[in-house]
Amino acid sequence: MTETETKTETKTETKTDRRRTTETRSDSGSEALPADGSVPRSPLVVLAGATATHGTGRDGDIPLPRLPGFVESAFSPLVYEVAARCLAERPGDGARTAVALASLMGDTTTADLASRRVVAGRVHNPLLFMQATANSVLGHLSREFGITGQMFSLSTLDDPVTELLAMAELLLEDPELDQVLVVGVELGGGERWAAVHRELSAEYGRPVPDLPETAALAAAVLLGRPDSGAHPGPGAPITAAAPHNGSVQGLFDLAAAHRRSPRDAERDETESHAHQ
C-alpha cells in the first residue's frame, strides 16, 4: 500500500469515527444534532400579550384611543394600543425587535370613507390616503419605540396566527433579533365589507364575522426565545390551538394563555411582595 493510500484510508476512518460519535450522542438524547447538522433552536415563548376591543357591544370594550395623525378609523389606534402595551410590559432593544401585522382586509373604514368622499365629489383628505395602508401605524410605532428591525404586514384567508408564528420563527433565526411583535386586527364594516365576507363564505365556507359596523378588535403578542438571554424572566410556552381561518381570534387566545401562565402569575406575585 502506498503512502498516499494509507493517508486516504486514515482520513476515511477518522470521518467514520466522528460520524459514529455523532450517532452515539443522538441516541443518548443529549447534544444530538439534526441530520443537516444545524443547531436546534428552542421553541418560541410569549413574552407579553395585550388585547383591545372597541364598539363590539361586549364586556371589556374601551373608548377609542387618540392617536395623533390618524382620524375616523379604529384600525391604527387599536393596533398602537395593544402594541404599546406589549412593548411597555417587556421593554427591549428596538434595534433587535421586528414587527409583523396581520389583517384580512386592512383598514376598511378608511378605504370606504375615502371612496365615499371621491364619489360625492368632496376634496380628498390626505390623512385618509396615508393611513389607508397598514404600514402607516407601524411607522408611527417604530418612531415612538425606536424600532429599527424588519416590519411586515400580511393578509391571509388561512389562520393568520399560524402565518405570524411561522414568520416569527423565521425572523428569529437572525442572530441580530431578540423578539418579534405580532399584531392582528379586524374591523367591522358597511355593506361592501359584508358583501366581501358573503363572497368569501360562499367560496371558502368561512363564517361571516358577527361584528357591528363600527367594531374593532386587536391583539398583540411579543414573541422571543427563552435561550436568547435578552429577557429578564421566562415567557409562557405556546400551546397548540385550533386554527381560526381569516380571524385574529387565535392571537386573543395566545394573549389570554399568557395572562393565565403560572410563571407570569408567580412573577406578578413576587413583584407585588416586593412593593409591599
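How many aromatic pairs does the structure hold? There is 1, counting rings of Phe, Tyr and Trp (its six-membered ring) with centres within 6.5 Å. A bit of housekeeping: this is a predicted model, where local features need pLDDT of at least 70 and side-chain atom pairs count only at pLDDT 80 or more, while totals for chains, interfaces and linings use all residues. Residues are numbered from 1 along each chain as its sequence is written, and side-chain values use heavy atoms, with hydrogens and water left out.

**Stop one: the rings.** Select Tyr 80 and Phe 145. Their ring centres sit 6.3 Å apart with the planes at 45°, so the pair is tilted (under 30 degrees would be stacked, over 60 edge-to-face). Tyr 80 belongs to helix H2 (residues 75-89) and Phe 145 to helix H5 (residues 135-145), 65 residues apart; helices here are DSSP runs of H or I, at least four residues, and strands are runs of E, at least two, numbered from the N terminus. Tyr 80 is buried at 19% relative accessible area, whereas Phe 145 is partly exposed at 31% (buried is under 20%, exposed over 50%, partly exposed in between, with a 1.4 Å probe and protein chains only).

**Stop two: salt bridges.** The count is 4, taking a side-chain nitrogen of Lys or Arg within 4 Å of a carboxyl oxygen of Asp or Glu. Pick Asp 178 and Arg 96 for one of them, with the closest N and O atoms 2.6 Å apart. Asp 178 is in the loop between helix H6 (160-171) and S4, and Arg 96 in the loop between H2 and strand S2 (97-102). Asp 178 is buried at 13%; Arg 96 is partly exposed at 25%.

Now jump to Arg 225, which is buried at 2%. Its partners include Glu 169, at 2.9 Å, and Glu 173, at 3.4 Å.

**Stop three: the largest cavity.** Select Leu 104, Glu 186, Leu 187, Trp 193 and His 197, which lie nearest its centre among 13 lining residues. Strand S4 (179-187) and helix H7 (191-204) each give two or more residues to this lining, and S4 gives the most, with 3. By class, the lining has 7 nonpolar, 5 polar and 1 charged residues (Ala, Val, Leu, Ile, Met, Phe, Trp, Tyr, Cys and Pro are nonpolar; Asp, Glu, Lys and Arg charged; the others, Gly among them, polar). A cavity is a set of points on a 1 Å grid over the protein atoms alone where a 1.4 Å probe fits but cannot get out, and lining residues have an atom within 4 Å of a point.

Conventions
On a 1 Å grid over the protein atoms alone, a cavity is a set of points where a 1.4 Å probe fits but cannot get out, and a pocket is an open set with protein on both sides within 12 Å along at least five of seven lines; lining residues have an atom within 4 Å of a point.
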